[in-house]
Amino acid sequence: MHNRNKNALLGLLLASCSAPLAAQVISLDSMEISSAPIENAVQRAHAERREANNSKAVIEAEQLNQFGDQPLGDALRRLVGVSFAGANRAREVQLRGIGPEYAQVLVNGRRLLDANSKRSVQLDRIPSSLVERVEIIRSPLASQEGQGAAGTVNIILKQHAKGGNGEIGIGAGHMESNGGLGDATAFYSLGNDNVTLNLAGGVQLQRRNESKDSLVFNNSGANGGELGTNKRRFEQGNFLPSLELRLDDDNRLNFQLDYLKTTEYRDDIAAELEAAQNAVRRTEFEDRERKRTNLGLLSDWTHQWSDDTELLLSLDLQKADEDTTRDAKRYRANGNLDRTRLRSENIHMTSVSPTLKVKTLLDAHSLEWGAGARRETREEDNSNIENGVVRPITAARTYQIREDITHLFAQDTWLLPWGDSLTYGLRLEDAHTRTRDFNGAKQQTSKLSPLPSISYLGHLSTNTDWRLGIARTLRRPDLRELSPTVTTDSGTLARPDTGGSPGMTPESIWGVDLGLDHFFNDQRGLLSANLFHRQFSDKIENVLSEQNNGRWLSRPENAGDGQASGLELEARAPLDALGLPQLTLWSNATAVHTRLKSEATGETRRFLDQPDYLFNAGADYYLASLRTTFGVNYNWNSGYNQKYRLSSGKTAENDQDAVGRVDISARTQLSENTSLNLSVLNLFAQNEDSRATTYGANGLLENNSLTEEGTYRTFYVRVQTAF
């Protein structure tokens, strides 16, 4: 851990090392398109970034898929401020080092249902090859949903082919020590001036390995532990057709169907060690199968009311299911069968969301207002058969929830006489939540939240913009956090039991963003700095406590008020000024400092499980004779060291080591419409280590848990062609 600060400062320095190249000033009107496809994508992304009323980063498909990542999460690691809770995880995205519950994930501008109870979409559901571009919105507007305190990831899926009527992509690869990978995607468009049908979809086989070993110690020495194997295989199919009907010059109908299906096969082996850690006490083998299905239909009608006014009326219908079966057998050290368990968990969700939006141009003002509602239902149930006998179900996983959220918003973008723009607005969200748990107990909560926002876009020169954004956002509790029932796990520091807290209130977060962007070299180059600050009221955190029976329990609580402040740096520098126009260096870095006043203990501490620094550095080299772009990227997460008091008077300490990964790729343009990608991901496969420790009120060590998790190289090749 002692190299953490030095590495972080080096990262921040490298992110801004290309500042002298900013002297070249080029007008947008004279922008030239590069012959390298990745550089073309960068130019388009920078142009969209400049046109936005609020602060956001944009990455297009060619750049996003440069390294051939299958799951979208692995590709997003290279973007500024993006991280995940573990080197092998790519599901629940974190922005600016703050927990995933503060990152809002939208798909085509709307929230998809996901059985994940944290109100977010798990990114392993979405293949990178189906993505057109990704937007990371730092500061929200009133016209957008108000739950992205750290930011919003808006994933725009491909609906049609580029450069022709159709497009096909096929990929194959191998993850070391795990097995083969593959994907196939296709897009086809047909129609005329009045009717357009877009067909898009694909299949994918991906793998993850989250195996880890944990050793536990107490003040007397070794105290057992667990050797864990966790291998996952995902088989996915996605079908995303859309239909556009132009009824006349003033009316259009659009229908978008979303069908996503993922079947996950997981092999779990948990070998429980004897206290002395010199032998295995017993081993449990579990085969888990989880099927996740999403079906949605978004219908909208766009009506041109007049030359200056447009009306959009939409209806979003969604249904999602997740069905899991777990077949486990546990054996003693002598090989005798100790226990059999057959469990099932079923989650069913529905959502209905009508929306009305109106846009009007009035002189120098672009007015937008609207209203909408969303009714979402969620039901969970389960079964448990142990040693052939039907056992009581898991009460914490048996409940019903209905949540109704209505909203109103009004927003104005004012083009100021000197060329700057000011966007300001107010969003009102009224939420009513009704829960019914396994015992029939009902609870209702209601909350009306005003969410004002203001964003200023200024121009210091032709190629230099600055932005100021101020907005209030929310974080509503995890749906499972509303049930007080305890779910039993190992009851250890590494794997505590968990329970909910139905009395929690939503967090309220005020945010400020101040950023500066400078573009150069035909808008292929970028130097950017963004300061951010978030003020949290009633922050929710999972807090550990030791129970009377000696087991550890983790419950979410309104832990207190806190704040997060930080700096984001981005640089992309084509080295034309050094006579190397074919070489581009790029980097980004995020530093965040957090502070929370704990209501339970009165201490002031950092946020839990929050890395201090995130860093990426990379280079693209375009070899024109081979029509090939070679790429390399280094991704680094500082980890964290946190020490905090428990309400019992004891002290807990969690230490997560820094971890880095290197990815390399080569993208060759075989012809005008065909490209070939070769990549090696996580080249050095660094292990990820963590420690969890508790100290008594007297300061003496009581328990210590050491966890080691390996990571794995991936090799991948992909061909894509348009026709």
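## Close-up views of a predicted model

**View 1. Arg96 is placed over the face of Phe532, 4.3 Å from the ring centre.** Such a placement is counted when NZ of Lys or CZ of Arg is within 6 Å of the ring centre and within 35 degrees of the ring normal. Lys643 likewise lies over the face of Tyr695, at 4.8 Å from the ring centre. The model shown here is predicted, so local features need pLDDT of at least 70 and side-chain atom pairs count only at pLDDT 80 or more, while totals for chains, interfaces and linings use all residues. Residues are numbered from 1 along each chain as its sequence is written, and side-chain values use heavy atoms, with hydrogens and water left out.

**View 2. Tyr102, Phe536 and Phe607 form one aromatic cluster.** The structure holds five aromatic pairs, where rings of Phe, Tyr and Trp (its six-membered ring) pair if their centres lie within 6.5 Å, and planes under 30 degrees apart count as stacked, over 60 as edge-to-face and the rest as tilted. One of these pairs joins Tyr102 and Phe536 edge-to-face, at 5.3 Å centre to centre and with 80° between the planes. This pair links distant parts of the chain, 434 residues apart, with Tyr102 in the loop between strand 3 (94-95) and strand 4 (103-107) and Phe536 in strand 25 (residues 525-546); helices (H or I, at least four residues) and strands (E, at least two) are DSSP runs, numbered from the N terminus. Phe536 also forms an edge-to-face pair with Phe607, at 5.2 Å centre to centre and 85° between the planes. Because Phe607 lies in the loop between strand 28 (604-605) and strand 29 (613-623), whereas Phe536 lies in strand 25, this pair ties together parts that are 71 residues apart in sequence. Tyr102 counts as buried at 1% relative accessibility, where buried means under 20% relative accessible area, exposed over 50% and partly exposed in between (1.4 Å probe, protein chains only). Phe536 and Phe607 are both buried.

**View 3. Strand 13 (residues 251-273) runs antiparallel to strand 11 (residues 221-239), and 15 bridges join them.** Two strands pair if DSSP finds at least two bridges between them. Glu235 has Thr263 of strand 13 as its bridge partner. Strand 12 (residues 242-248) is joined to strand 13 by six bridges, also in the antiparallel sense, and the two form a hairpin with two residues between them. Arg252 in strand 13 is the bridge partner of Arg246 and stands opposite Thr302 in strand 14. Strand 14 (residues 280-304) pairs with strand 13 over 23 bridges in the antiparallel sense, and in the hairpin that they form, with six residues between the strands, Gln277 in the turn has a positive phi of about 65°.

**View 4. The largest cavity has a volume of about 390 Å³.** On a 1 Å grid over the protein atoms alone, a cavity is a set of points where a 1.4 Å probe fits but cannot get out, and lining residues have an atom within 4 Å of a point. The largest cavity is lined by 24 residues, of which Ile59, Gln63, Leu79, Glu570 and Asn588 lie nearest its centre. Helix 2 gives the largest share of this lining, four residues.

Note on methods: 1 Å grid on protein atoms, 1.4 Å probe; cavity = no way out; pocket = protein on both sides within 12 Å on 5 of 7 lines; lining within 4 Å. Points joined across faces, edges and corners; volume = space filled by probe spheres on them.
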